[in-house]
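Colleague: Before we discuss this protein, may I ask you to show its sequence and structure?

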Amino acid sequence: MKTMMRALPVLCVAFAGLTALGGKPVMVGHRGSDVGLENSVESFTAGALRGYEYLETDWKLTADSQFVCSHDDSTTRLGGTLALATSTLAELQAEPLTQTRRGTTYTGRLCSAREYLEVCRRYGVKPLIELKWTNGINSKDCSNIPLLIKFIEENGFRDSCIILTSMRPCLEYIREHYPDIRLQFLTGKYQRDHADWAIANRLDVDIMRGCFDTTDLKRYHDAGLRVNVWTVNSASDSLRYTDTIPCDFITTDRLLP
């Protein structure tokens, strides 16, 4: 099994199209990149070295109230046995994890949010933090959002981060209490049902590829909102979302900017 980062056999695409808001699309590394265990120091480092301006990750809280980078509530998909909500950061980081991606198997460990921000700082990359349902940060309870913002601020990223989530109450809470924080609303095939709400709350949107067209893009752009598209991994889709439907952000596992 491979634990070292391999060479980067990525699709090289020239992003020549301009977005409706001007400029080339900003490239975002999805869970860092497709090199190394997802949401790991290795994956984030590989994404930074590829030249992504933002590194996207998923944050949850551990039993000892530490933020960690994990898409799931447990480590089972990555070969582990622990639930995040009932395990401490030390316990989670002591567990070896494994993931096979594009034919290459990687081993690694869970990455803390602090380590993730250290990678961002080291390489001059900006954090795009997706909030997943966790203790005190969910659609029914926003009591730990002040802890989240304090943590981001103490690490020096309040002015440069983007917070992303599909949980509307969390976005509304942050917009009300921390209006300076840049936000994106995560949505998909039902994005048109939420467009009025996103526009009214001055929220940029992150929409699943194939779930919007030029009319939708114009509607958001006319409201002064930027559009992110996820997850774009092919040359054909990259051209589609830079030329035909020119987005402001492109979230990808492997495309080079």
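This is a predicted model: local features need pLDDT of at least 70, side-chain atom pairs count only at pLDDT 80 or more; totals for chains, interfaces and linings use all residues.

Colleague: How are helix α6 and helix α7 oriented to each other?

Modeller: The axes of helix α6 (residues 191–200) and helix α7 (residues 214–222) come within 11 Å and cross at roughly 10°. Angles under 35 degrees count as roughly parallel. The two helices, α6 and α7, are therefore roughly parallel to each other.

Colleague: Which residues of α7 meet α6, and what is the make-up of the contact?

Modeller: The contact of α6 with α7 divides into 3 nonpolar, 1 polar and 4 charged residues.

Colleague: How many salt bridges does the structure hold?

Modeller: Side chains of opposite charge can pair when their charged atoms come close. The criterion is a side-chain nitrogen of Lys or Arg within 4 Å of a carboxyl oxygen of Asp or Glu. By this criterion, the number of salt bridges in the structure is 19.

Colleague: Which residues are linked with R31 and E38 in a network of salt bridges?

Modeller: The side chains of E38 and R31 meet in a salt bridge, at 3.1 Å from N to O. Both E38 and R31 are buried. The network of salt bridges links R31 and E38 with D58, D72 and R77.

Colleague: In the salt bridge of R109 and E115, which residue is buried?

Modeller: The side chains of R109 and E115 meet at 2.7 Å, N to O. Buried means under 20% relative accessible area. R109 has 34% relative accessibility, so R109 counts as partly exposed. At 17%, the residue that counts as buried is E115.

Colleague: How many residues apart are R182 and D204, which form a salt bridge?

Modeller: The closest N and O atoms of R182 and D204 are 3.6 Å apart. The pair links distant parts of the chain, with R182 in strand β9 (residues 182–187) and D204 in strand β10 (residues 204–208), and their separation is 22 residues.

Colleague: Is D204 buried or exposed?

Modeller: R182, the partner of D204 in the salt bridge, counts as partly exposed at 31% relative accessibility. The value for D204 is 9%, so D204 counts as buried.

Colleague: Where is T231, and what is the form of the peptide bond from W230 to T231?

Modeller: T231 is found in the loop between β11 (227–230) and α8 (235–244). The peptide bond from W230 to T231 has omega near -20°, and its form is cis.

Colleague: What is the phi of R102, and where is its place in the chain?

Modeller: R102 has its place in the loop between β4 (97–101) and β5 (104–108). R102 is partly exposed, with a relative accessible area of 48%. Its phi has a positive value in a residue other than glycine, near 50°.

Key:
Residues are numbered from 1 along each chain as its sequence is written. Side-chain values use heavy atoms; hydrogens and water are left out. Axes are lines fitted to C-alpha atoms, for helices over the stretch in contact, and angles run from 0 to 180 degrees between N-to-C directions. Helices (H or I, at least four residues) and strands (E, at least two) are DSSP runs, numbered from the N terminus. Angles under 35 degrees count as roughly parallel, over 145 as roughly antiparallel, 65 to 115 as roughly perpendicular and the rest as oblique. Ala, Val, Leu, Ile, Met, Phe, Trp, Tyr, Cys and Pro count as nonpolar, Asp, Glu, Lys and Arg as charged, and the others, Gly among them, as polar. Buried means under 20% relative accessible area, exposed over 50%, partly exposed in between (1.4 Å probe, protein chains only).
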